[in-house]
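The exercises below concern helix geometry and charge pairing in a protein chain. Please examine the structure before reading each solution.

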Amino acid sequence: MTRHSADERREQLVEAAIRVMVREGVGKATTRAVVAEAGVPLGAFHYCFRSKQELLHGVIERIMLRALALTLVPAAAEASPYDLIRATLHGYWDRVRERPDEHQLTYELTQYALREPGLADVARRQYQHYLQVNIDHLQSVARLAGIRWTTEVPVLARHGLDLLDGITLHWLIDRDDDQALAALDMYAAHLATLAVPRTDEFSDSPPVPL
């Protein structure tokens, strides 16, 4: 019989919980349903997690890391801010289309966490993480394109997060790819109007601690 470390078991149970939640909803992800999905004895759950709440922490953090990954897409040295932003947004959108059920689950988990005693802070950390991802992305674009933003980066990042949230949720409802991509391109074009060439007197804003 193959033996697994506690970390491996936790990983196995978190992924099993995600599958159950995607398929049946957060409310149906009981301890017994999760261990049955993972194919492990009930005792393995109590060995890895002190409670179902602790498992939900792990699920939310795992989904959080996958849900909003704005990896800067490599582009030619002469790429404009619009080109960089648009390519990155389209990369994010490809991942939404690859894992629509997981993205739908992020909304359900956020609402569940806000209503569940002891989990509200997880929802706040979830969106703090999303905000920092957007801040880092905007600063990277500024460095690569040799520009600075004319609006404070944390404000731009929050605006972008709210817009992406709305576009993603709307697409999960109507699955209209053309309209979603058109909205993303409009956002990229809008951001490009807020960029001006960087001069020596200006430098990138430092990361904002959250």
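Predicted model: local features only at pLDDT ≥ 70, side-chain atom pairs only at ≥ 80, totals over all residues.

**Exercise 1.** Determine how far apart the end C-alpha atoms of helix 5 should be, and check the span against the model.

*Solution.* Helix 5 covers residues 81-98, which is 18 residues. The expected span is 1.5 Å times one less than the number of residues. This gives 26 Å, and the end C-alpha atoms are 26 Å apart, so the two values agree. Buried residues in helix 5 include Leu84, Ile85, Tyr92 and Trp93.

**Exercise 2.** Describe how helix 7 and helix 8 cross, and classify the residues in contact.

*Solution.* Begin with the axes: those of helix 7 (residues 120-145) and helix 8 (residues 153-174) come within 8 Å and cross at roughly 115 degrees. Next, the handedness of this crossing is right-handed. By class, the contact has eleven nonpolar, three polar and two charged residues.

**Exercise 3.** Which parts of the chain does the salt bridge between aspartate 185 and arginine 86 link, and how accessible is each residue?

*Solution.* The closest N and O atoms of aspartate 185 and arginine 86 are 3.1 Å apart. The cut-off for a salt bridge is 4 Å, so the pair qualifies. Aspartate 185 lies in helix 9 and arginine 86 in helix 5, 99 residues apart, and the pair thus links distant parts of the chain. Aspartate 185 counts as buried at 19% relative accessibility, whereas arginine 86 is partly exposed at 32%.

Conventions
Residues numbered from 1 in each chain as written. Heavy atoms only, no water. Axes fitted to C-alpha atoms, helices over the stretch in contact; angles between N-to-C directions. Helix = DSSP H or I, 4+ residues; strand = E, 2+ residues; numbered from the N terminus. Left-handed = near helix turned anticlockwise from the far one by under 90°. Nonpolar A, V, L, I, M, F, W, Y, C, P; charged D, E, K, R; others polar. Buried < 20%, exposed > 50% of the residue type's maximum accessible area, 1.4 Å probe, protein only. Salt bridge = Lys/Arg side-chain N within 4 Å of Asp/Glu carboxyl O.
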